[in-house]
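Subject: Structure handover

Hi,

Here is the structure for your set. My notes follow below it.

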Amino acid sequence: MKVVLLLVLLLSPAALYAQQEETLPPAVFTDAKGRYQIEYPASWQLRKGVDGAEATFYATAARPAPAYVTLTTQLLPIQQKDLKLTLQGGQDSVWRSIQRLPRAQVLGLEQQDLGSYEEIRYEYLYTHSSATPTRLHVVGRRVWRGGYQFQIEYRGEAREDAQYLADGKELVDSFAFTEKAWSSLRYAAQVCDNKFYGIAATGFYNGRWEDDCRTIHEFPANDLTAAPKVHRKVLPFQSYALAKGFDNCLYSVTKAPTDTPEYVYRYDPVTRKGAYTTWQLPAQGSENVWISAATDDRGDLYFNSSDGNLLVKVTPSTGKVAVVWFNDPLQKAPFYYEITFPGAGTHGNFCLDDANTMYRVYSTDGSLLKVNLKTGRPSPERMKLDGLPKRGGYSDLLMQNDAAGRRRLYLAGPKAVYQVDMARRRATLVRKGTYTDLAGCNLFQVPPRAAPAPPPPATATWRGRVLNAATYQPLPQTQLRLGTGFGTIVRLNPNGTFSYQGKPGTSYAYHAQLTGYIALDSTWTAGPGPYVRDILLQPLSVGTTVALDNVQFEQGQAVLLPTSFPALNKLVALLSDNPAMTIELRGHTDNVGPPEKNVVLSEQRVGTVKAYLVERGIAESRIAGVGFGGAQPTASNDQEHTRKLNRRVEFRITGFQ
């Protein structure tokens, strides 16, 4: 007969489904580019592209689901993509947004900088609206990498925590990057491509040649004889200065002389779209123009005035604008007065190499001039070149690598571009065309090294609020002591917030006390860096339910373990200080074993706690008790580390006699 019953159970659909649910491994979701993956329970439902989320994982097939996890990805704004957001108030931004939610309680908020990426982890509860007092539980991560933000977030009704929260947290934790190569959008992490650009000085429009200085020609760097791709009049102004950034965008500024600062313009040759940046060059003077621009081996952009006296550096990753010098270093060169007599051409057009050398060209005859960018010292020699036309009009220099990786110096001359053989000091015509400035940066095609994880912070800061556990309103009058030993008083702001700095790895005791509330004693173990968590004080009012933390029993027995005594002694003190208060003890177990035996066990454990209180002078008439067995779990019963949370005793205030 037992064999028949076993076969019936095994063959029944419910039993088969239960077995399948237990044994099925988690499913894996990977994005289209294979950059990251997420593991999710096989019983959860996956849908893609719902309400802007890349993927949504539903705990049940029912809609609306009582719990779900969303994954969203987005590009960071241009002004943020190069920043370390953990150093730019990322955690504060999340904390402020949580505090704006109704009846919010922060359970945890911490951040990490792991070198290749940064993240903020958070957990909080809040009430969705006053009309629907349901508490929502949110657990999530914001991860920033390479100019992207990834947010994976669990949301569920708090009353469903026992069934779905553990799975939701595991799903959120499972988000991880793969070993696949990563294409970063961060400026400093990008590699310059092989394209070569020039601002066309003239253009043939409506059947005639006319001044242009707004059109950009694009060439492959290994073939300057090829017909250019024309970006016609894409600059919003006429310009003499053009630099190519490591993001393969072009940066320019107007050639109009002015005594006011000028914004730098960014143009993307791929999208053929442009916009002004927030970077502002200082006024160059009404007798000067920004005549040339170039890029260095760190991707910083340089702009030079026509007289050579003002060199400005822009760091795109931070937006910092700094003046390199106010006086032309060539003033110290022995040939300076040969190139600055009245009516002489400019010597402000330049390029940079990867050895901090600035090469300038004298527009009158095309001779080359050198300056050490670090020391500001000029070379005493003025290098004249053979093979150039005698007429002036030499407008820029650019150093590039060809397809074989050989270094080539190009010179924009009157109606042509020349390649310069530095050893022979000879220029050879490469292609025809008049360009006011040349731009490229493939000389610096060295992939950046992966950023190592920074050392952990030497200090730990706990911030939070002291709140009423029933209303979630701040309690700024609370006396909060925190520290080693008896601790020190921590000042609370009018909104109930506090801040305490400690040492990572150290455990600190804290005590929060306010008349009309149950005093709270607990500990905080400091981790590295800033941490946010709120403290809740339970009001001394009818209906308040408090868990007796650390009250534990021998397995399957109603015998108290010695570790339970401190928590029970605090309850004795609370009842002694409030002689009119009556309570109900509430016992709970996990779901292991027959339900009816669990109810009996929970009642026996309530009786043990009641006896402990009575033995210490609390009147038996003030203490009622009830056992619920495993009917009211607060955590999942699927695993032992969560199942033990369901084996607990609580007390509920029932009145004041």
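Helices (H or I, at least four residues) and strands (E, at least two) are DSSP runs, numbered from the N terminus.

This is a predicted model: local features need pLDDT of at least 70, side-chain atom pairs count only at pLDDT 80 or more, and totals for chains, interfaces and linings use all residues. Residues are numbered from 1 along each chain as its sequence is written, and side-chain values use heavy atoms, without hydrogens and water.

H6 itself covers residues 595-615. Its 21 residues should span 30 Å at 1.5 Å a residue, and the end C-alpha atoms are 30 Å apart, which agrees. The expected span is 1.5 Å times one less than the number of residues.

Buried residues (under 20% relative accessible area; exposed is over 50%, partly exposed in between; 1.4 Å probe, protein chains only) in H6 are Asn-598, Leu-601, Ser-602, Arg-605, Val-606, Val-609, Tyr-612 and Leu-613. They cover an arc of only 140° around the axis, so they sit on the same side of H6. The arc is taken from the directions from the helix axis to the C-beta atoms. The face turned away carries exposed Glu-596, Lys-597 and Glu-615.

What covers the buried residues of H6? The cover includes helix H5 (565-577) and strands E41 (581-588), E42 (623-627) and E43 (648-656). Contact means heavy atoms within 4.5 Å.

UniProt, in an unreviewed entry, places "domain: OmpA-like" at residues 542-657. That stretch is 33% helix and 22% strand, with its end C-alpha atoms 11 Å apart.

Best regards

Methods: UniProt positions are given in the numbering used here, feature names are shortened, and annotations may be inferred rather than shown by experiment.
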